[in-house]
Amino acid sequence: MFSKQKENRILLVYVLPALIVYLLFKLYPAILGFYYSLTDWNGIDQSYEMIGWANFKEIFEDVYFWESIQFTFKYVVVILVVSNVLALLLAVLIESRLKARGLFRTLFYMPNMISMIIGGYMWVFIFTRVIYYLADNWGLAFLDQSWIGDPRYSFVAIIIVSSWGTVGYLMLIYMAALQGVPLQLKEAAVLDGANSWNVFRNVTFPMIQHAFTICIFWSLSSAFQVFDVIYALTGGGPGRATQSVALNIYEEAFKGNIRYGYATAKSTILFVIVFLLTLAQLKMMKRKEQEL
Amino acid sequence: MKKLISSILVIVMVMVGCSNKESSSSFDPEEIELNIMMSFPQYMDQWETYIDQFEKKMLDEENLNVKVNLEMPSSDQYESVLQARLSGNDAPDLFTLHSNNISTYNKAGHLTDLTNEPFTEKLFENVKKTITHDGKIFVVPIESQAWGVLYNKKIFNELNLTAPETLNELEKITETLKENGYTPFLLAYQEQWVPQLMTALTLGGKVSGEVPDWVERMYAGEGSYEEMRDIFGPIDLIMKNGTDRAMELGSELGAADFANGKAAMFVQGTWASGTIMQTNPDMELGVFPLPINNNKANTLVNLSTSTTLAVHPDSKVKDVALKFANYVLDDKDSSTLFESTRFNPIAAIHDYETDPWVTDAYQYVEEGRSYQDLVLPQAVTEEQGKLLQEYYIGSITKDEFIKRMDEVFAESVK
């Protein structure tokens, strides 16, 4: 076999391309972004000035930014619960009961294959045309709402479409974890007189704890950056009722008064929030995993 | 490890060798590359044809082997792509921009002064006015519109209605339409720029008719939207007598619904005519100016230039770029281009027959009943659209609208 030193060198060669890509396309722009957040650059001018923390100070008075933060938090909490519960439920169902599990796995995973922008536009059609048809012709009066035009319902619409798009991916992770639970353990529990709920609660659930860590980490960090679904579905509207932080940043940078410096300051704040939250979540859940 | 390094070296050397060979072996006459970026992919075919003609003309007349690279990002993404290119020192030689942004881009040093180019002589005076900044011309206008409220002439004729001159007349028309079972206005407010058209028209009419120094004073921080409270006269009338589910209808679907006779009037520009005529080729489309109140002097059509073409000052092939800029208004070829894209004529050299709705609108222009589109900060325009959406669904009041707009205006001219 290889010597330790040689092994390290081989590892380095494998990691190097990814490391270069990461440094060049992730870390460098991120640092650059932070640098620009201290300037008044408008994105097209050749010149700009360092203005220190002025952008960050201004953000504190930016009502719309904090409203978008509030909206995003609400979205994160709801989507985290809804998509993970649904994904786990589907995973358990498909794993245990269904014969055509391949078919269902494909069906639920399918939304991941298309871009959420396209998915979003598909749903715009469903919400604005198909649902009214059903409401009018099948007498389903409760469907007769302005799904994407009324701020009360557009949040629901966004949750529906987002979970439609993410559940399949999470479900696959949960299914993989479920398959890793040794059958003997379950059988032993059954022999000891446990019913299926008890088996799930006390055997399966702890065994798939690591899947929760991954799934919640992934949905937490991606939910904070939600953009495409909302962009396609409501454009952040009506007015600004469904504007997420990412959308707010996008509008700051590219629409209206093009202000790159200010927009990068906002994204720096978003980065810090996501970073701290995911870090806390990972720490907390990792500890739980180790207790097993 | 040594093997790895040596193989990388070999690859690098081969690549270097290849590229050297390529440049040294080209004996053809030098090819001039011209990069053009435009914001309307819907006219891709027309512009590609036009560019082919340009390449041929250059080869025939000037013995230049020009190769044009045409990029057309989607209208949604265009601004961000352009900004990225400009800030990355990778500016296209020619690019389109909205005429409202001329001063921003000029200040940032991205526009070439075209005042003395031959094409400027050809422009209609009123079009020329819309793109002149500080007495200079920095862009070639491409799209110019005279617009107001679109209406269905068939329905109007059937009920013996004529285009209104005052708000009272518009109210009467609305009543008559309702009595006869027609929905007066088509509302498609899903995209914020569509409701925003109502502020463009009402502010434009009111300012040009009654308060000509309002915009100036707003920029100086001495005006208020309070003076413009009248604009809610027509806005309320339209919102109260429109089709329902407005917040779910995009502009395209709205235009299709309008073409299918779902409502008699539609606050949209003549640029929607493409979709409308495609949906219903028999549509009799008319245009009238939106009345603001009962002062006829405010009832004017909006005359504006939207898309324009600029030459970047750092272009390495500037003389060819300037040739293309002038070619856009070529005496011989440009009529066909403008006709095929259904753009309005902007110069005396354009001698094709215009569509009836264009003739309609230009009648007002000829009578002197038009105004130049107000140049408001981009953020103000966007905010108006958003607030109108909120006003429509009832989450803000008139007073909040006025207060918020004053704030945004002050912020954007800070």
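Analyst: In this predicted model, 33 residues of chain B are in contact with 35 residues of chain A, contact being heavy atoms within 4.5 Å. Local features need pLDDT of at least 70 and side-chain atom pairs pLDDT 80 or more, while totals for chains, interfaces and linings use all residues. Residues are numbered from 1 along each chain as its sequence is written, chains are lettered from A and ligands numbered from 1 in the order written, and side-chain values use heavy atoms, leaving out hydrogens and water.

User: What makes the pair B:E383 and A:R240 a salt bridge?

Analyst: The rule asks for a side-chain nitrogen of Lys or Arg within 4 Å of a carboxyl oxygen of Asp or Glu; the side chains of B:E383 and A:R240 meet at 2.6 Å, N to O, and therefore qualify. Across the interface of chain B and chain A the rule finds 2 salt bridges.

User: Which element gives the largest share of the side of chain B that touches chain A?

Analyst: That is α16(B), with 9 residues; helices here are DSSP runs (H or I, at least four residues), numbered from the N terminus.

User: How do you know that α16(B) is largely enclosed by the rest of the structure?

Analyst: Buried means under 20% relative accessible area (1.4 Å probe, protein chains only), and 13 of the 16 residues of α16(B) are buried, so the helix is largely enclosed.

User: Why does the length of α16(B) agree with its number of residues?

Analyst: The expected span is 1.5 Å times one less than the number of residues, so the 16 residues of α16(B) should span 22 Å, and the end C-alpha atoms are 23 Å apart, which agrees.

Key
Helix = DSSP H or I, 4+ residues; strand = E, 2+ residues; numbered from the N terminus. Buried < 20%, exposed > 50% of the residue type's maximum accessible area, 1.4 Å probe, protein only.
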